Amino acid sequence: MGSSGFPVICLLHSVIALSCGAMMMFYTKEISIFGHGKEITSKLQGSTPHDELLIQTSDSFSGLLLFVIGFLLFMVAFVKDTKFQSFFAKGCVLLHLLMAVWRIYFERKLEDLAHDLPRQVVGDVALALSWVFFLVYSWREKYD
């Protein structure tokens, strides 16, 4: 049965997305300091009060979007249709790889974020690989 690993992977990704989204919404500055350091965080916060408000609003909406994605993953974890699970996993692989490509082509141009690029790309690829492992596992069970 190819569906045995799907709920676990979806729930794991769900917990990650829910917690990261909540932290982005409510603890943006603290998470930024933890991830980038105080100096780069101060550069990323904007130079005027208007810029700071726009950046905070953008970060909050990004966190909300990530939280909603986590909630969606939580709901999808309980779908029993193996064809849907395979389709969903392939879509997740594509999205994670596209995110890695986006980081390589666009974020590397921002010198304040460029030093985090390798770590973030490795994280995106690792998340994509978790879905690939699910697909390989489900194909193995299907054809055994």
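Mentor: One term before we start: a residue is buried when its relative accessible area is under 20%. Also keep in mind that this is a predicted model.
Trainee: Okay. Phe 6 and Phe 88, buried or exposed?
Mentor: Both Phe 6 and Phe 88 are buried.
Trainee: How many aromatic pairs are there in the whole structure?
Mentor: Seven. Phe 6 and Phe 88 form one of them, and that pair is edge-to-face. The ring centres lie 6.2 Å apart, with 80° between the planes.
Trainee: Where do those two sit in the chain?
Mentor: Phe 6 is in helix α1 and Phe 88 is in helix α5. They are 82 residues apart, so the pair links distant parts of the chain.
Trainee: Why is the pair of Phe 74 and Phe 78 called edge-to-face?
Mentor: Look at the angle. The planes of Phe 74 and Phe 78 stand at 80°, and over 60 degrees counts as edge-to-face. Their centres are 5.4 Å apart.
Trainee: And how exposed are Phe 74 and Phe 78?
Mentor: Phe 74 is partly exposed, at 38% relative accessible area. Phe 78 is partly exposed too, at 48%.
Trainee: Which residues do ring pairs link into a cluster?
Mentor: Phe 6, Phe 84, Phe 88, Trp 131 and Phe 134.
Trainee: Now the largest nonpolar core. Which residues touch the most other members?
Mentor: Phe 6, Cys 10, Phe 88, Trp 131 and Phe 134, out of 14 residues in that core. Helices α1, α4, α5 and α6 each give two or more residues to the core.
Trainee: Back to Phe 6. What is it in contact with, leaving aside its neighbours within four places in sequence?
Mentor: Its contacts include Val 76, Gln 85, Phe 88 and Trp 131.
Trainee: New topic. How much space lies in the largest pocket?
Mentor: About 1800 Å³. The pocket is lined by 39 residues. Among those nearest its centre are Cys 20, Met 99 and Arg 103.
Trainee: How does the lining divide into nonpolar, polar and charged?
Mentor: There are 23 nonpolar, eleven polar and five charged residues. Helices α1, α2, α4, α5 and α6 each supply at least two residues of the lining.
Trainee: Last one. How many helices and strands does the protein have?
Mentor: Six helices and zero strands. Of its 144 residues, 27% count as buried. The C-alpha atoms fill a box of roughly 60 × 25 × 20 Å.

How values were computed. Residues are numbered from 1 along each chain as its sequence is written. This is a predicted model: local features need pLDDT of at least 70, side-chain atom pairs count only at pLDDT 80 or more; totals for chains, interfaces and linings use all residues. Side-chain values use heavy atoms; hydrogens and water are left out. A nonpolar core is a set of buried Ala, Val, Leu, Ile, Met, Phe, Trp, Tyr and Cys residues joined through side-chain atoms within 4.5 Å. Buried means under 20% relative accessible area, exposed over 50%, partly exposed in between (1.4 Å probe, protein chains only). Helices (H or I, at least four residues) and strands (E, at least two) are DSSP runs, numbered from the N terminus. Contact means heavy atoms within 4.5 Å. On a 1 Å grid over the protein atoms alone, a cavity is a set of points where a 1.4 Å probe fits but cannot get out, and a pocket is an open set with protein on both sides within 12 Å along at least five of seven lines; lining residues have an atom within 4 Å of a point. Grid points are joined across faces, edges and corners, and a volume is the space filled by probe spheres set on the points. Ala, Val, Leu, Ile, Met, Phe, Trp, Tyr, Cys and Pro count as nonpolar, Asp, Glu, Lys and Arg as charged, and the others, Gly among them, as polar. Rings of Phe, Tyr and Trp (its six-membered ring) pair if their centres lie within 6.5 Å; planes under 30 degrees apart count as stacked, over 60 as edge-to-face and the rest as tilted.
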